[in-house]
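Dear colleague,

I am handing over a structure that I would like you to look through before we next talk. Please open the sequence and the structure first, and then read the notes that follow beside them.

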Amino acid sequence: MQIFNTMTRKKEDFIPQEPGVYRVYVCGPTVYNYIHIGNARPMIVFDTLRRYLEYLGNKVLYVSNITDIDDKLIKKGQEDGTTMQEVARKFEAEYIKDSEGLNVKAPTVRPRATEHIGEIIKIVKDLVESGHAYVARNGDVYFRVKSDPGYGKLSHLNLDDLESGNRELRSQMDDDLKEDPADFAVWKAAKPGEPSWNSPWGQGRPGWHIECSAMARKHLGKTIDLHAGGQDLIFPHHENEIAQSECANGCTFSHYWMHNGFLNINNQKMSKSANNFFTVREIADKYGYEPIRYFMLTAGYRMPLNYTVDLIESCKNSLERLYTCRDNLDFAIRNAHGTDTALTEKCEEARKKFKTAMDDDLNTPDALAAIFEFVKDINTMSDAADKATLEKAAATFDELTGVLGLMYNRKAEEAPDEVKQLVEERAAAKKAKDFARADALRAKITELGWNVMDTAKGPQLTKL
């Protein structure tokens, strides 16, 4: 498989340090509110990557963190008249609910920042002792950017450009506390009323970037295979992670970096002031979660993606086509009477085209195209196919859609024995031309929540 490595700006063979084992870290949310539709893109994209790597027979150690200490969380707690921790736990639960609704697999580890204070302090201490960080007069600890000659290698910006990008972060602190305006906080001195922990530099709390360095090191090791997240995290978050991790650990932090593109709403940047800000929950309540997942796979993950109501409705219609095809396959299997095996070859073609697409930097649009080409073959050829071939087609269909995390709302309900018995009795009554009894049995089947339809291939049961 090849992926586009943000660090080198080219596609590269994705080869793990340990054969068959991928160590992956994906930045998770700051849990101060419901996640928005933009948050869902990296969740779904990198979950799909994980599923594909596992489909290929690999083990994936997948870590995605929870940021539960942050200025936004503190402010939200103050506004709501509660605590930062209560806000974090509430919206962590809501995030997990949305994540499960989107069929995102639970991480191998889902670490919380506040549960890794000891590991964070250890890294900061190492940075201070090695001269890569220094303690300001107010107790803040800053990373000394000019001590790292490789700083800027991910964003491909020089220090002058980086200082411009750091303007927002610098405005939050007094610049005269720093040796250089590009330096960033790895530890913040406590302020009145804010949560804090004891440290060698007094009471305080972690900076934003340092938490991921600590959690990645603890759960995946000093060098990981892949670090991923949204494009907006390249600078300053991931750039700063690299600097502090490599200076503290003395080795490469991550061999590969992947970043998904931005998501726009009606061709505009998502913004509450523009009244085009949507949470995942809002969209899911109206359209369901699965169309959101499908929508995120319709464009290459590095490309900008534009959300509109028309597009999400189109995704819902496409999903319905998939569900109808799969239901028709079940019906064909139950009533198989053909002898043709040509559909077997189409199964292999679909699998090959799907894998070719996914091996090319997670090309999910082409992977979806391969599935729908397979759907066309199924619809055309299933009537003439034998049962074994149809079962193989169903297994291939489930295999490929499963890699993309789709079709998870399909519940193949088996009719209870009582209903099946009534269907057999009704068929016998019809054969005996006892139509009054056949009608009565149909009514009983309907009363039990099932519909029976007579077809050329025999009676077909569907759940009402």
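**Aromatic residues and helix packing**

At 4% relative accessibility, Y307 counts as buried, where buried means under 20% relative accessible area, exposed means over 50% and partly exposed lies in between, with a 1.4 Å probe and protein chains only.

Please keep in mind that this is a predicted model, in which local features need pLDDT of at least 70 and side-chain atom pairs count only at pLDDT 80 or more, whereas totals for chains, interfaces and linings use all residues. Residues are numbered from 1 along each chain as its sequence is written, and side-chain values use heavy atoms, with hydrogens and water left out.

For the overall picture, the protein has 464 residues, of which 53% count as buried, and its secondary structure comes to 16 helices and 15 strands; these are DSSP runs numbered from the N terminus, helices being H or I over at least four residues and strands being E over at least two. Along the principal axes, the C-alpha atoms fill a box of roughly 95 × 50 × 40 Å. Among the contacts with a separation of 6 or more, 75% are between residues 24 or more positions apart, a contact meaning heavy atoms within 4.5 Å.

How many aromatic pairs does a search of the whole structure find? There are 12, a pair being two rings of Phe, Tyr or Trp (its six-membered ring) with centres within 6.5 Å, and planes under 30 degrees apart count as stacked, over 60 as edge-to-face and the rest as tilted. In the pair of F14 and Y22, the ring centres are 4.7 Å apart and the planes stand at 50 degrees, so this pair is tilted. F14 is buried at 3% relative accessible area, and Y22 is buried at 7%. The pair of F278 and Y307 is tilted as well, because its planes are at 50 degrees, with the ring centres 6.1 Å apart. F278 lies in the loop between β12 (268-269) and α9 (280-287), while Y307 lies in strand β13 (residues 305-307), so the pair ties together parts that are 29 residues apart in sequence. Is F278 buried or partly exposed? With 29% relative accessibility, F278 counts as partly exposed.

Turning to the helices, two that are packed are described by the angle between their axes and the distance between the axes. Helix α2 (residues 71-80) and helix α3 (residues 84-101) have axes 8 Å apart and pack at an angle of about 105 degrees, the axes being lines fitted to C-alpha atoms over the stretch in contact, with angles from 0 to 180 degrees between N-to-C directions. They are therefore roughly perpendicular to each other, since angles of 65 to 115 degrees count as such, under 35 as roughly parallel, over 145 as roughly antiparallel and the rest as oblique. The contact is made by L73, I74, K76, G77 and D80 of α2 together with M84, V87, A88 and F91 of α3.

Helix α1 (residues 37-55) and helix α14 (residues 387-403) have axes that come within 8 Å and cross at roughly 135 degrees, and α1 and α14 are therefore oblique to each other. Here T48, R51, Y52 and Y55 of α1 meet E399, L400, G402 and V403 of α14.
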